[in-house]
Amino acid sequence: MSAAAAITWQGVKGACLALPVLIAAVLAGAMIGETALAPDLVLSVLANKLAGAGLPVDPIDQGIIWSYRLPRALVAGACGAALAVAGVVLQALLRNALADPYILGISAGASTGAVAVTIAGLGGGALSLSFGAFNGALLAFGFVAILARAAGAGGSRAAAAQIVLAGIAGSQLFNALTAFIIAKSANADQARGIMFWLMGNMSGVRWPDVWLAVPLALAGWGVCRFHARALDAFTFGTDSAASLGIPVRQVQVVLIFATALTTAVMVSIVGSIGFVGLVIPHAARFLVGPGHRRLMPAAALTGAVFLIGADIVSRIIIPGQVLPIGVVTALIGAPSFAVILVRGRRAAR
Amino acid sequence: MKIEARSLSYSIRGKLLLSDVSLTVQPGETLALVGPNGSGKSTLMRLLAGLARPSQGEVLLAEKSLARLTRREVAQRTAIVEQQADTAERITARSVVELGRTPWLSALRPWSGEDSQHVENALKTVEMEGFASREWATLSGGERQRLHIARALAQRPGLLLLDEPTNHLDIHHQLSILNCIRNLKVTTVVALHDLNQALMCDRVAVLSGGRLVALGTPQQALAPEMVSGIFGIKARWVEDAEGSEPFLSFHLA
């Protein structure tokens, strides 16, 4: 088998395993909700919308499925996969088990941007919350990147630690700015709204968000997957990676920018959903081991399915009320992760 | 593969760690690097491996300036075993050795049977075949060190740089690793603390305070007067009753 054929074959095998699971999760996301809708109804809507089948479906059901639940499930999947892969990449690159996509100050910056637009009235109402969040995220990331670069002049050896420290400094600064803006000008309702958004909010998700989130998640995935072997080489640190032929600085810059950009977009669409980017990578590592060529697809799939599931739970757990998805990810995620941790330890003995 | 250091100097934060070091190692030769703690052995190793850039001077690998080669090209020619490279990942022994194939792999040149063969051979050379599926965390310091050496061997380098490779090893494995290194057909630079082990190499370079103070055959470079002055001890040649090669004996001055 030729080299190229071997790669494609592996990819095809992986996709054959992952796609049915993903499709099932998205369909579940479309079916389950305050009004449960039958699978055949969901399929009829899909047939109508995608193939123009013209099957008789109640327009209200069709609206719920097509305009609300389907985009939500797709964005949740894209977002879960992107955050989990970003977590895998940053944990490997920074050699820090506590690294997550928000370690570069993105979540803090996004919240500052969001409150600057919604509460402080930046842009005089012409700017959307997503726009503010995205730019806040980029601003914070820029601050962190410049600070890390200024501090890491001594070479690549200490660079990982410098990035983490710069990220902490950046996050603290932007969190303080957010708190300042809220304390200065927010009323109780606004403060509550922002708190909900900060914990992740999928209720505003529509099709345009799908067209942004899904291609971006795929592109981010492509960039990260291309560097899987390079990430393996970071197992024993940056010097070891360099001695194995990895252009360390270049890989760091490309991957950090790729994860920062995808994370910033995801956060601007759905808010800063915690837990996924930190814990899913660890869970996936327990399942398939530390090799990145298997870990990345595993983390992406687990992250996507987990977040679609968390979104479903957030919609049905309290009748008539939607819980912030970040609350659900932590409530389900923390105990399941505890189980994995304990089991993993036993298996290692 | 020939390696040549041309008046290398290296300083960090205003502190000069290495000053005007020039040496050449011929293809297939094994050069021992000795010197007290902080004499610049590891720094010289890092410069030879291209992991740090010299403040002055240059390194030539097979007549080519190291600065002109890409990281990947350097890694296809040079492998380095550094001190204290550790990981918290739950990686198996075999995966560690497989990392050595990284510079030879790409999207168009995926893992093949040939790579597996190099990994098997490297594991065999360091007598670790039986440990291949063990997790890193369950291995002793010596076993980890042997895996690092196997990883470097799997890289199939023309130049092998070993920074105190016999640290953590019991005497059997110290001798077998050194023997293995000497029998390799690759050019090797090995930093050693045990001067009697340095006697087994083709030539010895002695560093002190960041300067190269002796370079020559083991008998020349490790002459007792030289060793005594640099390490602040008293050294003398000793021969055992069986008439083997003389070795060094030390006591505090």
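Tutor: Let's start with a pair of helices in chain A: helix 3 of chain A passes helix 8 of chain A in a left-handed crossing. Bear in mind that this is a predicted model. The axes of these two, helix 3 (residues 59-93) and helix 8 of chain A, are 9 Å apart and pack at an angle of about 25°. Angles under 35 degrees count as roughly parallel, and helix 3 and helix 8 of chain A are therefore roughly parallel to each other.

Now for the side chains. From helix 3 of chain A come Pro71(A), Leu74(A), Val75(A), Ala78(A), Cys79(A), Ala81(A), Ala82(A), Val85(A) and Val89(A). They meet a set in helix 8 of chain A that includes Trp207(A), Val210(A), Val214(A) and Trp221(A). Sorted by class, the residues of this contact between helix 3 and helix 8 of chain A come to 16 nonpolar, one polar and one charged.

Helix 8 of chain A has another partner to look at. The axes of helix 8 (residues 207-226) and helix 11 (residues 248-270) of chain A come within 10 Å and cross at roughly 160°. That makes helix 8 of chain A roughly antiparallel to helix 11 of chain A. Here, too, helix 8 of chain A passes helix 11 of chain A in a left-handed crossing. On the helix 8 side of chain A, the contact uses Asp209(A), Leu212(A), Ala213(A), Leu216(A), Ala217(A), Gly220(A), Val223(A) and Cys224(A). Helix 11 of chain A answers with Val254(A), Leu255(A), Ala258(A), Thr262(A), Val265(A), Met266(A) and Ile269(A).

Stepping out to the partner chain, the contact takes 24 residues from chain A and 27 residues from chain B. Helix 1 (3-31), helix 9 (228-232) and helix 10 (238-243) of chain A each supply at least two residues of the side that touches chain B. That side of chain A has 13 nonpolar, eight polar and three charged residues.

Chain B itself is divided into domain 1 (3-222) and domain 2 (223-253), with 27 Å between their centres, taken over C-alpha atoms. Eleven residues of domain 1 are in contact with seven residues of domain 2 of chain B. Helix 7 (195-198), strand 9, strand 10 and helix 8 (218-221) of chain B each give at least two residues to the domain 1 side of that contact, and the side divides into eight nonpolar, three polar and no charged.

Two of those contributors make a hairpin: strand 9 and strand 10 of chain B have two residues between them, and Gly209(B) in the turn has a positive phi of about 55°. Strand 9 (residues 203-208) and strand 10 (residues 211-216) of chain B run antiparallel, joined by five bridges. Val204(B), for one, has Gly216(B) in strand 10 of chain B as its bridge partner.

Chain B also has an open sheet of four strands, in the order 2-1-4-5 with antiparallel pairing. Strand 2 (15-25) and strand 5 (64-65) of chain B stand at the edges with a single partner strand each, so one side of each is left without a neighbour in the sheet.

Key:
Residues numbered from 1 in each chain as written. Chains lettered and ligands numbered in written order. Predicted model: local features only at pLDDT ≥ 70, side-chain atom pairs only at ≥ 80, totals over all residues. Axes fitted to C-alpha atoms, helices over the stretch in contact; angles between N-to-C directions. Parallel < 35°, antiparallel > 145°, perpendicular 65-115°, else oblique. Left-handed = near helix turned anticlockwise from the far one by under 90°. Contact = placed C-beta atoms within 7 Å. Pairing = 2+ DSSP bridges. Nonpolar A, V, L, I, M, F, W, Y, C, P; charged D, E, K, R; others polar. Domains from an automatic or database assignment.
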